[in-house]
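Please take me through this model in the viewer, telling me what to select at each stop and what is to be found there.

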Amino acid sequence: MQSNIEKYLDKASEHTDASEYGKALKAYEKALKLCENEDESLLRCLCALADCKRMSGKFTKAAEDYKRALELSNSLNDSVTALDSTVGWALALRALGLWKEAFLKIEEAEAGYIEKTDKSGMAFCLWAKAGTFRISGDIRQAVELFERAKEIFEQLDETSGVGYCHTGIGGAKRMAGDFASSFDNYTRSNTIFIKEKDRFGLAYSYCGIGNALRMTGEFQDSRKFLNKALKTYEHIDDIVSSAYTVWSLGVLCLMQGRLAESEKHFARALKCFKKTSDVRGLAYVFLGNAQVEFLNKRKRQAIILVKKALDLTSRYSFSIEHCHGSAMMAALEGNVHACHKGLGIYDIGGSFPFNIP
């Protein structure tokens, strides 16, 4: 029995290393059925399965598996796996829009890693906290923590961690309106992920480069990189990142006046965001579709969609997205807005179409 479990776990691990999350998921599920009475194998399987589910956009199920893994690791006195499960659980909750709960869990895990002087764990928590600050709207703090995490990963010679810090900084810098730095960080991460043969990281960097180019009006090159990202994401069964890339292509089409094409991209993104219960993604689609409606001279429909986005972003405290929605509503009502400056983020302006970062 044990050899069969190991066979499936090893096969699944190979798929994970190749960023083939769909295939890995099936192998881990087969292994899980075999190791219900083998606690240590069960724990290894639960953690890996939860990671795969999170990467595949099954955030609610991933959270359940992380919780189960945490309980099992505590009963086995495996404190390291307990900390890893806590951070994983936090990332699943964050993806569901519950960033405040996620933040508390990350801090809890961070305290445990500090106690163990586990530098790799500490760096990962800093990276996770930085991304949570980005979602909360505190871009300055996000950049600061990504930089700190990067320094530790560099000291540990964990190249992949350095790459993901560059992508984090690239995204935060784009939100702040520093598109040159964003492009630079994503390009650096791209170089790292090519060497590491990390297909997920590579797709992430392509998407980031594409978005940086979109923000500087280099639409042709932007489309090229976004399509490269999308092709890679689709190849590795990543519905989560695919959805954001498709949304970016929708905004790109908006800026080029290709409204019908834009609408198709937003419809596809909406389907994915609903499937993964990604409420922040839903808000972005509402803002995208509101622009399509307005530019098609359907102002009333545009207002309804912006109100939907404002309601959602208010409920989940997504400051950045709420600010973009406020800017759009101000444009629809003939008013002015000033929230971008207060948050220290890129001001998307006061007229349609809005090139949302």
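Contact, in what follows, means heavy atoms within 4.5 Å. The model is predicted, so local features need pLDDT of at least 70 and side-chain atom pairs count only at pLDDT 80 or more, while totals for chains, interfaces and linings use all residues. Residues are numbered from 1 along each chain as its sequence is written, and side-chain values use heavy atoms, with hydrogens and water left out.

Begin by selecting tryptophan 247, which, leaving aside its neighbours within four places in sequence, is in contact with Arg214, Phe266, Ala269, Tyr284, Val285, Ile356 and Pro357. Trp247 is also one of the residues, with Trp127, Met328 and Ile356, that touch the most other members of the largest nonpolar core, a set of 103 residues. Such a core is a set of buried Ala, Val, Leu, Ile, Met, Phe, Trp, Tyr and Cys residues joined through side-chain atoms within 4.5 Å, where buried means under 20% relative accessible area, exposed over 50% and partly exposed in between, with a 1.4 Å probe and protein chains only. A second, separate core has 20 residues, among them Ala27, Ala31, Cys45 and Ala69.

Next, select glutamine 291 in helix α15 (residues 279–295); helices are DSSP runs (H or I, at least four residues), numbered from the N terminus. Glutamine 291 is buried, with a relative accessible area of 1%, and beyond its neighbours within four places in sequence it is in contact with Leu254, Met328, Phe352, Pro353, Phe354 and Ile356.

Threonine 167, in helix α9 (residues 159–176), is the next selection. Threonine 167 is likewise buried, at a relative accessible area of 1%, and its contacts, leaving aside neighbours within four places in sequence, are Tyr186, Ser189, Phe193 and Tyr204.

Of the 17 residues of α5, 13 are buried, leaving the helix mostly covered. Just after α5, glycine 97 takes a positive phi of about 90°.

Finish at the second largest pocket, selecting Ser56, Lys58, Ile239, Lys275 and Thr276, which are the closest to its centre of the 19 residues that line it. Helices α2 (21–34), α4 (59–75), α13 (239–255) and α14 (259–276) each supply at least two residues of this lining, and α14 gives the largest share, four residues.

Key. On a 1 Å grid over the protein atoms alone, a cavity is a set of points where a 1.4 Å probe fits but cannot get out, and a pocket is an open set with protein on both sides within 12 Å along at least five of seven lines; lining residues have an atom within 4 Å of a point.
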